[in-house]
Amino acid sequence: MGAGELGIFGKMMPQPLLSVHGLTKRYGARIGCADVSFDLWPGEVLGIVGESGSGKSTLLSCLAGHQRPDLGRIAYDGADVLTLSEAERRRLLRSDWAYVHQNPRDGLRMGVSAGGNVGERLMAVGARNYGAIRDTATDWLGRVEIAAERIDDRPSAFSGGMQQRLQIARNLVTGPRLVFMDEPTGGLDVSVQARLLDLLRGLVRDLGLSVVIVTHDLAVVRLLADRLMVMKSGRVVETGLTDQVLDDPQHAYTQLLVSSVLQV
Amino acid sequence: MKDYNFAYLDEQTKRMIRRALLKALAVPGYQVPFASREMPMPYGWGTGGVQVTAACLTPGDRLKVIDQGADDTTNAVSIRRFFQRTANVEVTERTAEATVIQTRHRIPEVPLTEGQILVYQVPIPEPLRFLEPRETETRKMHELEEYGLMHVKLYEDIARHGEIATSYAYPVKVEGRYVMDPSPIPKFDNPRLGGNPAIQLFGAGREARIYALPPYSEVVSLDFEDHPFVASKADHCCDLCGSGRSYLDEVITDDQGSRMFVCSDTDYCASRQAEGHRGRLSPERVA
């Protein structure tokens with residue numbers, strides 16, 4: 001924990017876990033995302049919504065260090081992420097941070113058993129006891145509702161929903177504090193989606209995770225997110241508490257977005 | 001033979017290889033790229049080892065070439081004859097008498113000494129290759145010492161077979177820094193990689209990489225706390241010389257299921273027999 005500052009009552013005020021200022025990424029003349037600023041507090045879930053091409057994925061990949069922004073600052077726990085050496089940045093990526101890909105095939109090793117997939121991050125941070133790694137992997141498979149006897153099966157033998165749950169287990173096993181999720185429920189049918197969301201909500205609450213979740217599905221953020229950021233053409237057009245933004249949208253685009261949701 | 005330069009390669013090429021060798025010795029276990037040449041033999045026959053040997057040979061050297069421990073197989077005989085013709089150096093089958101030993105897949109049983117050079121033929125120098133196919137990424141992993149993936153492979157072994165089933169090309173960590181593929185030597189030979197008084201050079205011709213272990217390097221075979229590294233061999237004695245300590249080849253002798261175990265190191269086996277040691281199937285016992 002970085003140093004907080006003293007509040008008016010002399011208590012330590014917590015500082016934001018992730019603090020972003022004026023983040024801009026251009027692809028040549030086109031804008032990926034422009035002038036994005038926000039603070040993410042410990043234990044908070046921030047949803048980023050917007051249509052395809054609105055820059056949400058660009059923003060997420062800049063935050064997670066997959067791309068380098070052209071302008072702006074990103075501070076994690078008080079430290080400037082963009083000036084970290086590559087070794088430090090990658091250490092952060094496999095210990096304190098986690099990244100859940102939209103397609104589990106991007107986030108899993110398909111040729112390695114489920115247990116090996118979950119254990120990889122443990123071994124990457126120095127675990128060298130086979131029994132302990134396997135116990136932890138079994139425990140985590142249980143937490144994401146995968147039967148323990150499937151621990152030696154490869155993800156290619158899993159259904160799409162199971163693969164996504166396995167990817168989540170693999171990411172959370174080292175106890176990260178900050179999780180980036182890119183459309184975690186994309187490509188899953190609605191009943192599987194509902195279970196996954198339920199599971200995610202439980203894990204996020206239990207572990208006190210801070211999450212940045214990118215999605216175009218408003219139902220997902222309604223369930224998971226505390227706060228919402230609406231993006232359009234690379235810029236943030238509206239921010240606020242999730243219920244506030246969804247129930248009383250102010251910006252014309254947000255109103256369009258909310259009213260476009262099909263009612264069954 | 002006057003048509004070729006000494007040891008086949010031209011002097012500038014040998015110089016280039018020697019520079020790579022020096023760098024490899026300075027950074028133990030690090031794969032140094034070099035401008036590998038076409039050699040008059042197919043890839044997979046030891047083009048990397050031959051280039052390293054050519055760069056190391058001097059007219060006063062005595063060369064030994066082994067293939068899977070044996071001096072008399074096609075590969076060993078061809079390479080030995082190649083250097084006899086192009087370098088006119090002395091050759092020997094005796095490990096102790098050789099100054100340069102080119103080897104494929106074995107370390108000789110007789111302990112090596114200071115002043116000897118052991119040259120390995122390496123098919124695939126990158127220990128992470130089958131786990132991570134991208135060369136850019138594996139280089140980055142070496143740079144940042146991200147070797148967790150290597151243990152994922154060992155984990156998979158135990159999960160599937162109940163033990164670390166990797167029996168050759170067993171990954172090692174050199175001087176606490178680089179993870180290295182020791183070429184496809186049996187893991188029985190791994191303990192002799194470390195603390196060895198000889199210079200060990202590794203040449204991969206097709207992949208154009210050279211790496212090295214200076215004398216007395218620290219070499220640790222990777223393992224788990226609860227599944228430690230075991231240098232295994234066939235649980236028999238040699239049927240010709242009776243040795244219980246050497247690495248054995250299993251030889252099928254008929255189509256009735258009969259088999260015999262013999263030392264893979266032919267020089268070691270022959271010298272023991274010359275000293276009077278006998279095994280289960282030695283001619284005079286059987287007769």
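This is a predicted model: local features need pLDDT of at least 70, side-chain atom pairs count only at pLDDT 80 or more; totals for chains, interfaces and linings use all residues.
**Entry 1**

On the side of chain B that touches chain A, two elements of chain B give two or more residues: helix H4 (135-143) and helix H5 (148-161). H5(B) gives the most, with 9 residues.

**Entry 2. Salt bridges**

I counted 4 salt bridges between chain B and chain A. I examined one of them, in which the side chain of Lys140(B) meets that of Glu86(A) at 2.9 Å, N to O.

**Entry 3. Extent of the interface**

I noted that 22 residues of chain A are in contact with 21 residues of chain B. The two chains bury about 1800 Å² between them, and carbon and sulfur atoms give 54% of this area.

**Entry 4. A sheet in chain B**

I turned to an open sheet of 3 strands in chain B, ordered S7-S6-S10 with antiparallel pairing. Strand S7 (178-180) and strand S10 (219-221) of chain B are the edge strands, each pairing on one side only. From one strand to the next, I record an average twist of 30°. Strand S6 (residues 172-174) of chain B pairs with S7(B) over 3 bridges, in the antiparallel sense. I followed one residue across this pairing: Lys173(B) has Val179(B) in S7(B) as its bridge partner.

Methods
Residues are numbered from 1 along each chain as its sequence is written. Chains are lettered from A and ligands numbered from 1 in the order in which they are written. Side-chain values use heavy atoms; hydrogens and water are left out. Contact means heavy atoms within 4.5 Å. Buried area is the accessible area (1.4 Å probe) that two parts lose on being put together, summed over both. Helices (H or I, at least four residues) and strands (E, at least two) are DSSP runs, numbered from the N terminus. Two strands pair if DSSP finds at least two bridges between them. Axes are lines fitted to C-alpha atoms, for helices over the stretch in contact, and angles run from 0 to 180 degrees between N-to-C directions.
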